Amino acid sequence: MAEFNSIHSVTEMPEGDNPKSGFHHGMFLEPQEKKRSMKALVVKQAKKTCSCTPDKVKDFVLSFFPVLQWLPKYKLREYLLGDIMSGVIVGVLLVPQSIAYSLLAEQEPIYGLYTSFFAGIIYFIFGTSRHISVGIFGVICLMVGQVVDREVQRAGYGAKPAALGGLTATAAYANTTSSPVNQTLQELHCDKSCYAITVGATMTFIAGVYQVAMGFFQVGFVSVYLSDSLLSGFVTGASFTILTSQAKYLLGLDIPRSNGIGSLIATWIEIFRNIHKTNVCDLITSILCFLVLIPAKELNDHFKSRLKAPIPVELVVIVAATLASHFGKLRETYGSSVAGRIPTGFLPPRPPDWNLIPNVALDAIPLAIIGFAITVSLSEMFAKKHGYSVKANQEMYAIGFCNIIPSFFHCFITSAALAKTLVKESTGCRTQMSGMVTSLVILLVLLVIAPLFYSLQKCVLAVITIVNLRGALRKFRDLPKMWHLSRVDTVIWLVTMAASALISTEIGLLVGVCFSMLCVIFRTQRPEAPLLGWVAESETYESLSAYKNLQTKPGIVVFRFEAPLYYINKECFKSILYKQTGVNPVWVKAAKKKAAKRMLREKEADSGDNQTSISMGFVSEPVGFHTIVIDCCAVQFLDTAGIRTLKEVCKDYREIEVQVLLAQCNPSVRSSLIRGEFFKEGEDHLLFHSVHQAVDFALGAQGHS
């Protein structure tokens with residue numbers, strides 16, 4: 001059906017009805033011609049994609065490796081000092097967190113250091129953000145640990161959780177005749193600890209492949225379903241699970257890790273069952289660490305504007321605790337669980353276990369989505385703050401390669417982390433050169449310092465992990481403000497938080513996404529639909545229920561439906577329209593038919609004239625208005641059910657001598673109406689660009705009738 005050129009006809013109006021002009025002039029629009037040939041579009045895109053010129057190759061290389069764009073322009077005197085300072089500070093903070101979060105991911109501490117080292121280097125090459133810090137993130141480590149523990153037990157390694165300190169049994173030197181100076185790990189005998197990192201690395205590889213595929217197919221829109229309130233609720237809920245998983249280390253208990261639905265409750269039940277086995281030494285150490293870390297962190301937060309750099313209290317606590325454990329012989333005397341041997345150097349590269357891919361492919365999906373959603377959102381947030389732009393697709397490539405490449409070097413999944421990014425920004429970071437400095441700090445630990453942490457108690461690492469959850473747990477203080485701003489967002493936050501904590505992290509994320517989508521559907525299913533009144537001395541119409549002193553035109557009802565009209569809310573549209581106008585045309589028609597039949601029966605029975613006149617009076621009773629103007633400015637789209645509903649409404653009201661006019665339809669809605677054959681030849685269904693035009697037309701038509 002051809003596009004229409006005129007929105008409505010030219011109609012002459014009486015002078016008294018329109019003080020501004022004696023005539024109501026029609027508006028004529030000529031639609032743009034749209035090329036609908038899919039073949040032509042595909043051929044054009046294929047030619048564009050497959051063409052290869054030197055300039056195009058150069059642009060591709062520069063966009064795929066952003067470091068080649070900004071590194072040659074690096075301002076050494078202006079940027080270097082800030083980058084070195086922020087890189088060193090983040091590196092100092094990252095070392096203890098990398099070791100602590102390895103415990104959370106059911107891995108050896110050396111693998112957490114590997115992960116942080118490689119992530120900084122690879123993001124330096126591929127990333128477009130100048131400020132974000134990519135590395136270990138607590139929630140992702142928790143999810144990795146849950147899958148690793150499940151697969152380790154499935155492989156028959158027993159119910160005892162993978163623990164730190166097993167690397168002496170994990171790694172053995174194959175070449176015993178090599179020089180002590182050049183000792184390297186030549187061959188890995190795969191025991192429980194080795195199998196744990198194999199599972200983690202395989203899942204990391206798959207998650208990275210997913211992220212690169214998302215970037216290639218430009219499906220970053222998936223992240224829009226993870227709203228800020230949903231992500232915040234998910235992180236807070238997962239924080240309770242993290243806290244629960246670390247509680248056993250605070251008490252020095254050796255209990256199996258609970259996974260699956262209800263793991264949080266099951267873990268606390270198990271803890272209270274074994275509370276009598278608490279290691280007093282670990283408990284006292286945990287309390288002392290809390291007493292030092294929490295006040296120090298609070299002071300860092302309170303005086304962050306005055307401090308040039310945050311106090312590295314975590315590193316101080318780790319050094320002090322390691323020295324106390326070593327010289328006090330806490331492991332030998334009190335049976336405290338310690339980190340154990342952390343080797344220097346790097347393990348040989350090793351590909352993921354392809355046979356494990358079917359087991360972990362599904363688990364990698366939420367990890368991939370959460371990783372890139374957090375990375376992209378943080379990148380865009382800091383880019384906007386500092387006045388530069390980032391490429392969302394390139395960020396997905398960057399975080400994808402930060403997982404794919406390190407998966408061959410015994411690493412697990414990474415993403416951007418807000419806390420470290422804030423530290424990085426506040427300490428003078430100007431470019432990702434600071435990320436390289438951070439990697440060099442970790443490299444120093446890997447090559448020289450790592451073995452010195454042998455006597456470090458696990459409870460100290462657990463305290464560091466729990467203290468770093470303060471930011472997520474503080475979100476409860478923001479609930480009153482969030483409730484005041486948006487009750488729906490607050491309910492989404494609460495539902496996602498509760499599901500992530502009480503059911504499981506993966507199911508909690510799914511519940512949050514589904515619930516937030518249901519909230520959107522519910523909003524469109526029961527939208528606002530007010531009657532409108534005229535603002536005097538203007539052409540504006542606003543809600544009668546929201547504003548005072550609005551006027552109504554005699555015989556005209558103006559109705560606004562503030563949602564798309566589609567199959568879910570079509571019945572709601574009709575019921576609200578009938579309720580607001582006070583007239584259900586179906587009931588009016590039924591009443592007329594019933595009265596007509598009654599009158600016919602009365603005539604046949606030769607009844608008195610009085611009853612007949614009553615029936616006739618009922619049939620001819622007016623409805624109180626002659627025109628309904630539907631303001632469609634908030635109707636974003638129509639589907640077939642919506643078009644059919646509009647047809648039915650117009651037909652039903654026309655049968656009781658009420659005309660329905662549509663105003664302020666957007667081009668998409670107009671196009672849908674045309675394709676749905678809403679306009680038929682000979683019918684007076686007219687579209688208007690404004691409610692005022694429609695009302696003027698109705699008044700003029702009534703005046704001429």
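**Helix pairs and other contacts in a predicted model**

Helix H8, which covers residues 192-216, and helix H15 have axes that come within 7 Å and cross at roughly 160°. Because angles over 145 degrees count as roughly antiparallel, that crossing makes H8 roughly antiparallel to H15. The structure that shows this is a predicted model, and the description that follows should be read with that in mind. As H8 passes H15, the crossing is left-handed. On the H8 side, the residues that meet H15 are Thr204, Phe205, Gly208, Val209, Gln211, Val212, Met214, Gly215 and Phe216, while H15 brings to this meeting Asn393, Met396, Tyr397, Ile399, Gly400, Phe401, Asn403 and Ile404.

Helix H15, made of residues 392-404, also packs with helix H5, made of residues 109-126, and here the angle is about 150° with the axes 9 Å apart. That angle makes H5 roughly antiparallel to H15, and H5 passes H15 in a right-handed crossing. In this pair Ala119, Ile122, Tyr123 and Phe126 of H5 meet residues of H15, namely Gln394, Glu395, Ala398, Phe401 and Cys402.

Another pair to look for is helix H9, residues 228-251, with helix H18, residues 458-467, which pack at an angle of about 155° with their axes 8 Å apart. H9 and H18 are therefore roughly antiparallel to each other, and the crossing in which H9 passes H18 is left-handed. From H9, the residues Ile242, Leu243, Gln246, Tyr249 and Leu250 take part in the meeting, and from H18 they are Lys458, Cys459, Ala462, Val463, Thr465 and Ile466.

Contacts between charged side chains can be followed as well, for the structure holds 17 salt bridges. In one of them aspartate 363 is joined to arginine 150, with the closest N and O atoms 2.7 Å apart. This pair links distant parts of the chain, since aspartate 363 is in helix H14 (residues 357-386) and arginine 150 is in helix H6 (residues 138-154), 213 residues apart.

Alanine 634 lies in the loop between strand S10 (627-631) and helix H26 (640-654), and although 70 residues separate alanine 634 from proline 564 in sequence, their C-alpha atoms are 7.1 Å apart in space. When the neighbours within four places in sequence are set aside, alanine 634 is in contact with Phe561, Glu562, Ala563 and Pro564.

Terms used:
Residues are numbered from 1 along each chain as its sequence is written. This is a predicted model: local features need pLDDT of at least 70, side-chain atom pairs count only at pLDDT 80 or more; totals for chains, interfaces and linings use all residues. Side-chain values use heavy atoms; hydrogens and water are left out. Axes are lines fitted to C-alpha atoms, for helices over the stretch in contact, and angles run from 0 to 180 degrees between N-to-C directions. Helices (H or I, at least four residues) and strands (E, at least two) are DSSP runs, numbered from the N terminus. Angles under 35 degrees count as roughly parallel, over 145 as roughly antiparallel, 65 to 115 as roughly perpendicular and the rest as oblique. A crossing is left-handed if the near helix is turned anticlockwise from the far one by less than a right angle, and right-handed if clockwise. Contact means heavy atoms within 4.5 Å. A salt bridge is a side-chain nitrogen of Lys or Arg within 4 Å of a carboxyl oxygen of Asp or Glu.
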